[in-house]
Amino acid sequence: MTETPPSPSPDAGPDDRRAVMTLAAAATGEELAAVRALAPAGVTDLRAPETGLVMVRGRMGGDGAPFNLGEATVTRAAVRLPSGTTGFGHLLGRDRARARDAAILDALWVEGRARDRLEIDVLSPIRRRLDAESAKLAAETGATRVDFFTLVRGDD
Amino acid sequence: MYVSVKGGEAAIRRAHRLLADRRRGSRDVAEIGSDQIAEQLTLAVDRVMNEGSLHDRALAALAIKQARGDLVEAAFLVRAYRTTLPRFGASRPIDTAEMVVERRISATYKDLPGGQILGPTFDYTHRLIDFGLEEASETPGPEAADALPVTPGSTPRVTELLAREGLVEVEPRGEDGEVGDLTRSPLRIPAKRDVRLQQLARGDEGFLLALGYSTQRGFGSTHPFAGEIRIGRVEVEFDVAELGFAVPLGEITVSECQMINQFSGSAKVAPTFTRGYGLAFGQAERKVMAMALVDRALRTEELGGEVIAPAQDQEFVLAHADNVQATGFVEHLKLPHYVDFQAELALVRAMRAEHAARAEADAADVVEDHFEEAAE
């Protein structure tokens, strides 16, 4: 395949970028590592992978005022491509390589040059696995749906 | 109070080596992997994440292995680990309405939109030991019936159904500003509900269970119904300043319980159903049910009721719910108190001597009186 020209993709807004990040957050380390083959030489670390805490909040009654449920480990990283584009990775857990790969994925996606390859080599396989898994879960869970019959007492 | 002691280093080192050996157990049995704990002792892992107040399955599983299965010790290890990490910030509040539901039941509505979904539950099992599990065997996969699949967003909250009729109190949305945080400032009584819920979320399951049970037995009854219990995955989002939007960090499993309580009203509030709320990491159904009962009990005063039972007493509940704190204070009694005890020993000896002297003197008085009476 010939190199696609850099496309600024004016149609791709933060929502699309967020959607890619959602995929990255659900990806395994192995799936994300596929991005390394697409990364140009000379990716620099703006922020070396670092593990810390994010306080997870819930809402009272599910829909009321917020409260602190408990913390979660999160690892973050930021990278810069030789073109100057920066990318960020923020993932639950303590896997530094995964966070850095997510940052590279973000940077490559924002840069836009390799979006087609990203789609084929990285994003599609993740999406396919997630779709299959959620369909399986939905069916397995749906199989435990019950109907409780209220027994009528007395005369009928 | 205890004082520093010196010495015993060799004994301590050997004790810890012995501990490591006993943790490993018989070398004839394969060593357990923390991945096996994470996958096969999932509910223990969930409990340690909650009481350790840190969501990290792999870490909690490792802590359980290190603690020889002592879940309070494991929570302690997790708490200690979290102090080594910087805080990046707070997430956006998770949205349990958007949960990918794996279990969702209601004890108040038989036919509720989205249906009753049992999911992986111990309910309706006969609690008979399955000796088949003694031997490793192929576990059949779950059935995937042609039933209606469970789709995200297809399960509205039960409380919303009641709220439409105005029969249940509406949670004030509140400003998403200042949220009380026990990891930053110590507990103060009276505590607001945000702080109370945080403390209950990391509180000891056994303690909360006992308190919840006590309300059912009449020590501050709240007439509860399990309006809804749901378990499933939710996305955690985190605002990143550099990006200007909320970044998805990944999904976590949470359990949620909406307890609905009959309430005949008070001077302040018209008769309505009131609510107690429970939320926890992982599959922690008993925990969130107990939490919801205790949350409602702790709201007694704000609903115009009189605080008469332990579960309604903020200080009693909140100051004693944290098992890491509790075990620290109870177990510190094991540490050397030699000097303290020597002082107490001297004191008790002195008091006994005084007591004996007084008894002797009293006896002498009695004898004297007796002789005096006899002489008269």
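Student: Before we start, what are the ground rules here?

Tutor: It's a predicted model, so local features need pLDDT of at least 70 and side-chain atom pairs count only at pLDDT 80 or more, while totals for chains, interfaces and linings use all residues. Residues are numbered from 1 along each chain as its sequence is written, with chains lettered from A and ligands numbered from 1 in the order in which they are written.

Student: How many residues of chain A are in contact with chain B?

Tutor: 49 residues of chain A are in contact with 69 residues of chain B. Contact means that the C-beta atoms of two residues, placed from the backbone, lie within 7 Å. On chain A's side, S2(A) gives the largest share, ten residues. That side divides into 23 nonpolar, 16 polar and ten charged residues. Nonpolar covers Ala, Val, Leu, Ile, Met, Phe, Trp, Tyr, Cys and Pro; charged covers Asp, Glu, Lys and Arg; the others, Gly among them, are polar.

Student: And what makes S4(A) and S4(B) a pair?

Tutor: Strands are DSSP runs of E with at least two residues, helices are H or I runs of at least four, and both are numbered from the N terminus. Two strands pair if DSSP finds at least two bridges between them. S4(A) and S4(B) have two bridges, in the antiparallel sense, so they meet that cut-off. Arg145(A) has Ile117(B) as its bridge partner.

Student: What about S2(A) and S3(A), how are they joined?

Tutor: Seven bridges join them, running antiparallel; one of the bridge pairs is Arg80(A) with Thr86(A). They form a hairpin with five residues between them, and Gly84(A) in the turn has a positive phi of about 100 degrees. S3(A) is also mostly covered, with six of its seven residues buried.

Student: Why is Met60(A) called buried?

Tutor: Buried takes 20 or more other C-beta atoms within 10 Å of the residue's own, exposed takes 12 or fewer, and partly exposed is in between, with C-beta atoms placed from the backbone. Met60(A) has 22 such neighbours, so it counts as buried. This residue sits in the loop between S1 and S2 of chain A. Leaving aside residues up to four places away in sequence, Met60(A) touches Ala65(A) and Phe67(A), plus Glu171(B), Arg193(B), Leu197(B) and Tyr277(B).

Student: How do you know that H7(B) is mostly covered?

Tutor: Nine of its nine residues are buried, among them Arg193(B) and Leu197(B). The cover includes S2 of chain A, together with H3, H8, S7, H9 and H10 of chain B.

Student: Why is H3(B) called largely enclosed?

Tutor: Because seven of its ten residues are buried, including Val45(B), Val48(B) and Met49(B). Just after that helix, Ser53(B) takes a positive phi of about 55 degrees.

Student: Last one: why is H1(A) called roughly perpendicular to H4(A)?

Tutor: The two helices pack at an angle of about 65 degrees, with their axes 10 Å apart. That makes H1(A) roughly perpendicular to H4(A), since angles of 65 to 115 degrees carry that label, under 35 is roughly parallel, over 145 roughly antiparallel and the rest oblique. Axes are lines fitted to C-alpha atoms, for helices over the stretch in contact, and angles run from 0 to 180 degrees between N-to-C directions.

Student: Which residues make that contact?

Tutor: Val20(A), Leu23(A) and Ala26(A) of H1(A) meet Leu123(A), Ile126(A), Arg127(A) and Leu130(A) of H4(A). That's six nonpolar, no polar and one charged.
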